[in-house]
Amino acid sequence: MEMDGSKRVFHRLGPSQLDNSNNKQQKVCFHWRAGRCNRFPCPFLHREIQGPPPHQQQHVAGNGMSSSSSKRPHRFNDDNRGGGGMRRNPNFNNTWGRTAPGGGAVVKKTEKVCNYWVKGNCTYGNTCRFLHSWTTGDCFTLLTQLEGHQKVVTGIALPSGSDKLYSGSTDKTVRVWDCQSGQCAGVVNFDGEVGSMLSEGPWIFVGLTNLVKAWNTQTGTDLSLNGPVGQVYALVVGNDMLLAGTEDGILAWKYNGSTNNFDPVKALTGHTHHVVSLVVGANRLYSGSMDNSIRVWNLETLECVQVLTDHTSVVMSVLCWDQFLLSCSLDKTIKVWAANESGNLEVTYTHQEELGLLALCGMHDSEAKPVLLCSCNDNTIRVYDLPSFSERGKIFSKEGVRRIEIGPAGLFFTGDESGQVRVWKWLTESSSTS
């Protein structure tokens with residue numbers, strides 16, 4: 001997929017180039033060490049006199065994303081695995097939240113994008129103390145911005161074999177983007193808001209109010225799946241079924257080849273509030289809800305087998321990785337769940353953020369190392385190595401990012417609350433260090 005656009009990466013100033021001929025009389029800036037110095041120029045050193053100690057070095061990798069031939073590259077897990085849920089690994093060594101030996105601690109700095117640079121009229125140039133870039137960490141670069149939606153972007157889909165990108169919004173439209181030019185190739189208008197989108201093979205599913213639309217981009221088939229009550233917030237495919245999270249619970253359909261339609265299978269009840277996130281892994285369906293709980297469903301019987309209640313606010317996103325379930329919430333935490341000896345899930349690690357979290361997305365870098373993208377309520381996406389949760393970089397946005405979707409050849413897409421869709425490219429190690 002090729003999209004033209006700005007590929008410039010701006011870099012902030014390096015350490016202060018003060019004369020170091022008399023180090024003993026110069027002091028290192030206390031606020032700089034804490035990562036929050038906002039003085040420019042600062043009368044103190046912004047570097048260590050004898051070189052930074054290992055525990056203050058920030059390790060930022062520049063590995064790119066390798067393209068994957070996986071059916072659904074936007075997930076860690078393989079949905080086609082058999083088995084009966086997550087299983088405890090007897091050789092598992094719990095290293096969540098710990099850096100590798102010699103890795104050092106990650107220094108978190110206060111960062112802010114220059115408002116004047118965003119408007120194109122910052123007069124300080126390279127001497128500005130604020131960021132002149134939408135990213136930190138040199139892991140990725142912004143290729144282009146797709147403008148057109150007027151409200152929150154709630155879904156992004158890239159069907160297999162298609163040269164079109166689809167995005168849905170609460171402005172009641174789905175926009176079709178040409179992948180070669182980055183231009184809008186069409187707009188589909190609906191009577192209600194788009195709450196979610198999903199691509200599975202050539203199919204595109206659009207979650208609307210009281211309805212799911214299904215389009216086949218190869219055959220032109222256009223179907224309407226009735227049954228949902230209220231807004232459809234989440235869509236996922238598992239065990240040859242389409243599952244939708246709605247205001248009233250979860251609905252399941254199965255495709256009928258003889259009638260070329262989707263037949264209702266079952267309504268999954270139990271949540272007491274809207275179901276806003278779904279993921280499938282290890283023959284289980286995991287659902288996150290505004291009732292602050294996660295329910296675990298057997299995909300064979302469609303019965304609930306466990307209820308997880310450790311979150312104290314809305315469970316915004318759920319994600320499977322290896323034998324783990326990851327969940328994020330407006331309670332400012334990411335929780336990592338693992339199976340105990342009895343086979344039930346329990347929290348094995350909790351990562352704390354300063355603000356509520358909106359979305360999770362997982363992928364692997366060019367060295368097949370897992371990374372986690374976490375959208376936060378401060379208009380940023382944090383990028384973490386797993387399982388250490390060492391920060392690799394940040395992506396800044398005008399408003400909160402509600403949707404992150406992975407594409408081919410190192411591309412990924414973000415959609416925010418302002419209606420903007422952005423196309424990003426992971427940098428390879430050679431390009432990020434050149």
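1. Let me begin with the open sheet. Its four strands are ordered S3-S4-S5-S6, and their pairing is antiparallel. At the edges sit strand S3 (153-157) and strand S6 (184-189), each of which pairs on one side only. On average, neighbouring strands of this sheet are turned by 20° against each other, direction ignored. Please keep in mind that this is a predicted model.

2. A closer look at one pair in that sheet: strand S5 (residues 173-178) and S6 are joined in the antiparallel sense over five bridges. If you want a spot to check on screen, Val 174 has Val 188 in S6 as its bridge partner.

3. Next, the S8 and S9 pair. Strand S8 (residues 203-207) pairs with S9 in the antiparallel sense, over five bridges. The two form a hairpin with one residue between them. Within this pairing, Val 206 stands opposite Lys 213 in S9.

4. On its way onward, the chain forms another hairpin from S9 and S10, with five residues between the strands. Gly 220, in the turn, has a positive phi of about 80°. S9 and strand S10 (residues 222-238) run antiparallel and are joined by six bridges. Lys 213 turns up here too, standing opposite Ser 224 in S10.

5. Finally, why is strand S9 (residues 209-216) described as largely enclosed by the rest of the structure? Six of its eight residues are buried, so the strand is largely enclosed; buried here means under 20% relative accessible area.

Terms used: Residues are numbered from 1 along each chain as its sequence is written. This is a predicted model: local features need pLDDT of at least 70, side-chain atom pairs count only at pLDDT 80 or more; totals for chains, interfaces and linings use all residues. Side-chain values use heavy atoms; hydrogens and water are left out. Two strands pair if DSSP finds at least two bridges between them. Axes are lines fitted to C-alpha atoms, for helices over the stretch in contact, and angles run from 0 to 180 degrees between N-to-C directions. Buried means under 20% relative accessible area, exposed over 50%, partly exposed in between (1.4 Å probe, protein chains only).
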